[in-house]
Amino acid sequence: MKTLIVQHANFERPAAFLDYPQLLGAHKIHHSYLNQTFPDLNDYDTLILLGGPMSANDDAKLPWLKQEKIFIEKNIKAKKPIIGICLGAQLIASVLGAKISQNLNREIGWFELQRAPASEEPDPVFGQLPSSFLSFHWHGETFALPEGAKLLASSQACHNQAFVYENLIYALQFHPEVEGSFIRAACSHCPEDLEHGSYVQCEETMLAGLNDQITLSTNRLLLQNLLKQSESQASVRRSRD
């Protein structure tokens, strides 16, 4: 599965995404913040949008962000599988017409998520997860739910944590890909985010959370499910083409 990974900051990297066989030797990292030219849509099967310290509303300050939104819209129209993480999820929501706004609380650290109740059939990505599980968060903003999207998860601090759109696009406010290097880099580059808050943990607590094997295995299962679903949808799209 040829995958394009869009990175929005030098320090916020793909982390555990690169542990999966679907991406080994078959991915390219695009540094959007360096004003790199986006590749042709035919050059890859799946798009992954990582997080970043900027706001999805920063188009006026960051012209490259506006260009990326245009690129995301092209992918949506082309029915490409997309995975969006944190800022990436917010950019997808924005392109789909939803508002991005300040969340009531900054949510930074390991906090519990609740899966949304299943409807007629379980979601192929979230349906295999426990009804509640811990994952890693680092955000101060949130997305409204786009029209036509299905809510998949919520937390106490932030209601809209994940959605799926047309079974092709998964947007996650949280970070199942987190690793120790990710936490240390975020703490180093964004220390102002760590000011006291009801849902803000210290660096030591965040790093200690990586020792919880149940939490880690659940998050890795989620990553695996995301990539499997994207691979399946990309295969369907290729067969139609």
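Hello, everyone. Let me begin with a term: a polar contact is a pair of N or O atoms within 3.5 Å of each other, and within protein one of them must be able to donate a hydrogen and the other to accept it. Please also keep in mind that what we are looking at is a predicted model.

With that term in hand, let's go to helix α5. At its start, a side-chain oxygen of Asp-212 comes to within 3.1 Å of the backbone nitrogen of Ile-214. The helix itself covers residues 213–240, which makes 28 residues. How far apart should its ends be? At 1.5 Å a residue, α5 should span 40 Å, and its end C-alpha atoms are 41 Å apart, which agrees.

Next, the salt bridges. How many does a search of the whole structure find? Four. I'll walk you through some of them. As background, side chains of opposite charge can pair when their charged atoms come close.

Let's take Lys-69 and Asp-59. They form a salt bridge in which the closest N and O atoms are 2.9 Å apart. Lys-69 sits in helix α1, residues 63–77, while Asp-59 belongs to the loop between β3 (46–49) and α1, so this pair ties together parts that are ten residues apart in sequence. Are these two buried or exposed? Lys-69 has 13% relative accessibility and counts as buried, because the cut-off for that is under 20%. Asp-59, at 23%, counts as partly exposed.

Now to Lys-77 and Glu-73, another salt-bridged pair, with 3.7 Å between the closest N and O atoms. Both residues are in helix α1, four residues apart, and that is about one turn of the helix. Lys-77 is exposed, with a relative accessible area of 64%, and Glu-73 is partly exposed at 36%.

The next pair is Glu-166 and Lys-79, whose side chains meet in a salt bridge at 2.9 Å, N to O. This pair links distant parts of the chain, 87 residues apart: Glu-166 is in the loop between β8 (162–165) and β9 (169–172), and Lys-79 is in the loop between α1 and β4 (82–85). Glu-166 counts as partly exposed at 41% relative accessibility, and Lys-79, at 41%, counts as partly exposed too.

Stay with Glu-166 for a moment. What is its phi? Near 55 degrees, a positive value in a residue other than glycine. Ala-15 also has a positive phi, near 50 degrees. You can find Ala-15 in the loop between β1 (3–7) and β2 (27–31), where it counts as buried at 15% relative accessibility.

On to helix α2, residues 87–95. Eight of its nine residues are buried, so α2 is largely enclosed by the rest of the structure. Among the buried ones are Leu-87, Gln-90, Ile-92 and Ser-94. Just after α2, Gly-97 takes a positive phi of about 95 degrees.

In general, rolling a probe the size of a water molecule over the atoms shows where empty space is left. The largest pocket holds about 360 Å³ of space. Its lining has 22 residues, and Gly-52, Pro-53, His-139, Gly-140 and Asp-193 lie nearest the centre. At least two lining residues each come from α2, β5 (100–115), β6 (132–143) and α3 (180–189). Which of these gives the largest share? That is β6, with four residues. By class, the pocket lining is made of ten nonpolar, eight polar and four charged residues.

There is a cavity as well: the search finds one of 30 Å³ or more. The space in the largest cavity is about 90 Å³. Its lining includes Arg-115, Pro-117, Asp-123, Phe-126 and Lys-150. Strand β7, residues 150–155, gives the most to this lining, with three residues. The cavity lining divides into seven nonpolar, one polar and three charged residues.

Notes: Residues numbered from 1 in each chain as written. Predicted model: local features only at pLDDT ≥ 70, side-chain atom pairs only at ≥ 80, totals over all residues. Heavy atoms only, no water. Expected span 1.5 Å × (residues − 1). Buried < 20%, exposed > 50% of the residue type's maximum accessible area, 1.4 Å probe, protein only. 1 Å grid on protein atoms, 1.4 Å probe; cavity = no way out; pocket = protein on both sides within 12 Å on 5 of 7 lines; lining within 4 Å. Points joined across faces, edges and corners; volume = space filled by probe spheres on them. Nonpolar A, V, L, I, M, F, W, Y, C, P; charged D, E, K, R; others polar.
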